[in-house]
Each structure stands twice: as structure tokens, then as C-alpha cells.
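Open the model in your viewer and keep the sequence panel at hand. We will go from one selection to the next, with a short note on what to look for at each stop.

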Amino acid sequence: MDFKLEVPTSLEYFASLVQSDTEFPLLESAICLAQDEYPELDIQEVLGQVDQLVSRLKKRLPADAGSIHKLRVLNKFFFEEMGFAGNANNYYDPDNSYLHVMLRTRRGIPISLAVLWLELAQSIGLRAQGVGFPGHFLVKVRLPYPNEGQVVIDPFTGESLSKEELSERLVPLHAESGLLRDGHVSDELLKHYLR
């Protein structure tokens with residue numbers, strides 16, 4: 001009996017990761033996207049680097065930390081201490097999309113920054129999701145009682161965005177559509193875009 005071990009191609013590996021919506025490993029899938037450009041990329045090494053970030057973040061939190069405290073610590077750690085930010089000087093550089101490069105340079109685009117931020121947020125128990133907002137990828141955190149609500153953050157800048165700031169971003173998109181009320185975006189329309 002002959003046994004033949006074949007290493008999957010980077011495309012086959014990616015396809016195996018994204019075949020199911022219910023068990024979708026977002027971080028690993030995002031990391032493996034770089035294998036086409038960087039064939040020698042060690043995905044397990046990059047996952048290990050992220051695990052180290054998770055460990056460092058968790059050490060900053062008391063066991064009884066509430067959601068708001070966790071969110072503040074995460075943002076301070078991610079944006080201030082680690083220095084992650086958008087690459088405003090070279091936005092279209094393909095390396096901004098590769099997580100292993102972003103971990104080294106601390107610069108990315110909204111969606112690559114969001115993938116890492118979301119991984120950290122979920123690892124500390126925050127109910128965080130990505131938001132495909134028109135023109136810019138955002139992240140949001142649902143806060144439980146007694147501070148019930150949601151916080152929307154721009155992963156490119158680290159800014160927490162108010163309802164008014166989010167609405168302002170939608171006005172140019174809908175200026176001609178007739179969906180604005182007195183020049184403002186309705187709450188229903190804003191909720192639609194934040195789903």
C-alpha cells in the first residue's frame with residue numbers, strides 16, 4: 001500500500017478554511033491570503049504572534065472587568081501601546097492587506113486592522129463584529145446591560161464614531177436619493193448600514 005502525502009496549494013488551503021460559514025476561521029483565513037505573494041509564509045508562526053498579543057492584552061485586564069473597561073484597555077493596547085494605525089502615506093500598498101506584514105509594520109488598511117482588532121476583542125469576551133459600512137470598513141461592539149448599546153470604531157484611526165459622525169459619512173451617498181430627511185440620514189437608514 002502506497003501512501004502519498006500531498007501538501008495543498010495555498011488556494012486549496014484557503015478553500016478548505018472558507019468552505020463553511022459556521023466554522024469560519026477568520027484570522028487564519030486572512031493570514032493565508034498572503035501565501036500567494038509570500039509562499040514560504042508560516043501561518044502557525046503568525047497565529048503564534050497573535051496569541052502572544054492576546055496573552056499580553058489579557059494580562060492588562062482584571063478577571064471582573066466589564067465590557068466598557070475591556071474596550072478601553074483593548075483600544076489603548078492596540079492603538080496607543082502597539083501603535084497599530086492606518087497606512088495613510090501608502091494606502092494602496094498590497095502589504096497593508098497581509099497580516100504578517102501588518103504585525104511587523106503596525107500599518108494596514110481598515111479591513112486588515114479590523115481582522116486583528118476583532119480577534120483581540122473576541123478573545124477578551126467582547127461581542128464585536130465587522131461592519132461593511134459604505135466606503136469604509138468599521139468595527140462595532142455590543143455592550144450589555146447596564147451600559148446597553150453599541151460602540152462603533154474606525155479601525156484605521158481608532159476613533160469611536162458618534163451617531164452624528166456616522167450619519168455625516170452617509171449624506172454624500174444619499175444626497176440625490178431622496179432618502180434623507182431635512183438633509184439628515186434617518187435612524188432606520190443608519191441602523192441598516194450598521195447591521
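**A walk from helix pair to hairpin**

The crossing of helix 4 and helix 6 is right-handed, a term used when the near helix is turned clockwise from the far one by less than a right angle, with anticlockwise being left-handed. Select residues 67-81 for helix 4 and residues 110-123 for helix 6: they pack at an angle of about 140°, with axes 11 Å apart. Helix 4 is therefore oblique to helix 6, since angles under 35 degrees count as roughly parallel, over 145 as roughly antiparallel, 65 to 115 as roughly perpendicular and the rest as oblique. Axes here are lines fitted to C-alpha atoms, for helices over the stretch in contact, and angles run from 0 to 180 degrees between N-to-C directions.

Now show side chains. On helix 4, the contact (heavy atoms within 4.5 Å) uses Leu71, Leu74, Asn75, Phe77, Phe78 and Phe79, and on helix 6 it uses Leu113, Leu116, Trp117, Leu120 and Ala121.

A word on the model: it is predicted, local features need pLDDT of at least 70, side-chain atom pairs count only at pLDDT 80 or more, and totals for chains, interfaces and linings use all residues. Residues are numbered from 1 along each chain as its sequence is written, and side-chain values use heavy atoms, leaving out hydrogens and water.

**Next stop: Ser67**

Pick Ser67, in helix 4. Is Ser67 buried or exposed? Ser67 is buried, with a relative accessible area of 19%; buried means under 20%, exposed over 50% and partly exposed in between, with a 1.4 Å probe and protein chains only. Leaving aside residues up to four places away in sequence, Ser67 touches Leu126, Leu143 and Pro144.

Colour the open sheet of four strands, which has the order 3-4-5-6 and antiparallel pairing. Its edge strands are strand 3 and strand 6 (160-161), each pairing on one side only. Strands pair if DSSP finds at least two bridges between them. Strand 5 (residues 149-153) is joined to strand 6 by two bridges, and Ile153 stands opposite Ser160. Helix 4 packs on this sheet, touching strand 4 and strand 5, and its direction makes about 5° with that of strand 5. Helix 6 packs there too, touching strand 3, strand 4 and strand 5.

**Last stop: the hairpin**

Zoom to strand 3 (residues 127-133) and strand 4 (residues 136-143), antiparallel over seven bridges. Two residues lie between these strands, and Gly135 in the turn has a positive phi of about 80°. Phe133 stands opposite His136.

Finally, zoom out: the protein has eight helices and eight strands, taken as DSSP runs (H or I, at least four residues, for helices; E, at least two, for strands) numbered from the N terminus.
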